[in-house]
Amino acid sequence: MFIPLDTCTDEFSEEAAAFGYCPVCGVTHSLPYGAAKFYAHKLRQELEAKGDMLLAIPDGVAEQQELQARLDALAGNSRYSTDYLWGKALGQMLGIMVCRKQDGTVGIVRAFSGQYDRVYEIPGWAPPVMDLVRYNAVNSAGNKIVNEYTDRINILAPSEKALLQQLKQERKARSRSLMSELYALYILGNFKGEKKPLKEVFHSKQGMRTGTADCCAPKLIHYAQQNQLTPLGIAEFFYGAENKSQTRQHGMFYEACEEKCQPILGFMLCGLQ
């Protein structure tokens, strides 16, 4: 959701926040923090005051009444409470992108990484990169098959070692096949108008990790491309309890992650002036 700004801050940082090497043109592209840190602090204040992710839709937003009605219908649902980020979730990355519409209007778009308590979409936040309807259909059908293998494995006697090993191998192969089918639903674009499947874009010596293209930066940049917005700055910060590996602390800003974002952001930012 693009939220127009009444006034723009003078705060600005040229430090790169999102970047990556583009295997198509052979250049490392980047997007600075710009003014995004300022609006990220404001987002944090809003969340602390509201206590949930159901932030009100301000005036000037396209389809404001429809979006606000969807939010009102979710009001009171504990699933969207920020208490989740201080409990079992152990925090989550949130992001803000400052961008400009074709008519010159400057505004912001916000995103959360991955799912929020098993929910991919919340009104007022950038949607996931993939087609969620197709993703859910493929995932449901694939998991049904994997679970059938699990049920067969669980009823086997320990003495049936050969069959047990065979079923486990088949289940593993099916799980890998499902992941490939899901990855194929992620079609990434750049600012030259080019589009490629995720696996063709991913540029890293390391294997692709689960959750690639689900982080804030890919969501925000993809949203900008889909809505003819020009990104001016981006900031990602951590909200909630410190994670288990102690690499993320509440309120701190972090550049695009090396494992999942940098390998795809070079392509996604290609063509951005």
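Colleague: What does Gln92 touch, not counting residues up to four places away in sequence?
Modeller: Tyr84, Leu85, Phe112, Ser113, Gln115, Tyr116, Phe237, Phe238 and Tyr239, where contact means heavy atoms within 4.5 Å. This is a predicted model, in which local features need pLDDT of at least 70, side-chain atom pairs count only at pLDDT 80 or more, and totals for chains, interfaces and linings use all residues. Residues are numbered from 1 along each chain as its sequence is written, and side-chain values use heavy atoms, with hydrogens and water left out.

Colleague: Why is Gln92 called buried?
Modeller: Buried means under 20% relative accessible area, exposed over 50%, and partly exposed in between (1.4 Å probe, protein chains only). Gln92 has 7%, so it is buried.

Colleague: What makes the approach of Gln92 to Ser113 a polar contact?
Modeller: A polar atom of the Gln92 side chain lies 2.5 Å from the backbone oxygen of Ser113. A polar contact is a pair of N or O atoms within 3.5 Å; within protein, one must be able to donate a hydrogen and the other to accept it, and residues adjacent in sequence count only if both atoms are side-chain atoms.

Colleague: Which residues are closest to the centre of the largest pocket, and how much space lies in it?
Modeller: The largest pocket holds about 680 Å³. Of its 28 lining residues, Met93, Ser113, Cys215, Arg248 and Lys260 are closest to the centre. On a 1 Å grid over the protein atoms alone, a pocket is an open set of points where a 1.4 Å probe fits, with protein on both sides within 12 Å along at least five of seven lines; lining residues have an atom within 4 Å of a point. The volume is the space filled by probe spheres set on points joined across faces, edges and corners.

Colleague: How do you know that Ile155 is exposed?
Modeller: Its relative accessible area is 71%, so Ile155 is exposed. Ile155 sits in the loop between helix 3 and helix 4 (helices are DSSP runs of H or I, at least four residues, numbered from the N terminus).

Colleague: Why is Lys168 called partly exposed?
Modeller: Lys168, in helix 4, has a relative accessible area of 38% and is therefore partly exposed.

Colleague: What makes the reach of helix 3 close to the expected one?
Modeller: Helix 3 (residues 132-154) has 23 residues and reaches 32 Å from first C-alpha to last, against 33 Å expected; the expected span is 1.5 Å times one less than the number of residues.

Colleague: Which residues of helix 3 are buried, and what covers them?
Modeller: Leu132, Tyr135, Gly142, Val146, Tyr149 and Ile153 are buried, and their cover includes helix 4 (161-183).

Notes. Helix = DSSP H or I, 4+ residues; strand = E, 2+ residues; numbered from the N terminus.
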